[in-house]
Amino acid sequence: MFKKTDRNESRKGRHLRVRKKISGTPQLPRLCVFRSLNHMYAQVVDDTQGRTLVSASTMDPAIRGQLGELDKKGASKLVGKVVAERAVQAGIKQVVFDRGGYVYTGRVAEVAAGAREAGLDF
């Protein structure tokens, strides 16, 4: 019979392939994105210490109150802005963007656009 490929397994393989080349350091941490069906998560990670420096998601109470009538793309842009503001407050101005194996379009691109608007360089 035909074997249907699991899209999430393919994404995980792409993510591992990208992670071979991208790593977060204290000087240049990694901004990684995770997209679920209903929510968007972004975090700035220092891979040398294995620490999450700042994070934001649509589950945060501060963001959840602002969602209101926003669609998923608008919510993603808001998550990008909030994570970038928190990163700038923590003294992080430049990051490496990790798209997490997702195609750089739609909600993933909106997180990146929101982070750039709020002052992060990548």
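Let me begin with contacts, meaning heavy atoms within 4.5 Å: of those in the chain with a separation of 6 or more, 60% are accounted for by residues 24 or more positions apart. What you see is a predicted model, in which local features need pLDDT of at least 70, side-chain atom pairs count only at pLDDT 80 or more, and totals for chains, interfaces and linings use all residues. Residues are numbered from 1 along each chain as its sequence is written, and side-chain values use heavy atoms, with hydrogens and water left out.

Now the overall build. The chain holds four helices and four strands, in the order α-β-β-β-α-α-β-α from the N terminus on; helices (H or I, at least four residues) and strands (E, at least two) are DSSP runs, numbered from the N terminus. Of the 122 residues, 37% are buried, that is, under 20% relative accessible area with a 1.4 Å probe, protein chains only.

Let me turn to one pair of strands. Strand 2 (residues 40-46) and strand 3 (residues 51-57) run antiparallel and are joined by six bridges, where pairing requires that DSSP finds at least two bridges between two strands. Gln43 stands opposite Ser55 in strand 3, and in the hairpin of these strands, with four residues between them, Gly50 takes a positive phi near 70 degrees.

Conventions. Buried < 20%, exposed > 50% of the residue type's maximum accessible area, 1.4 Å probe, protein only.
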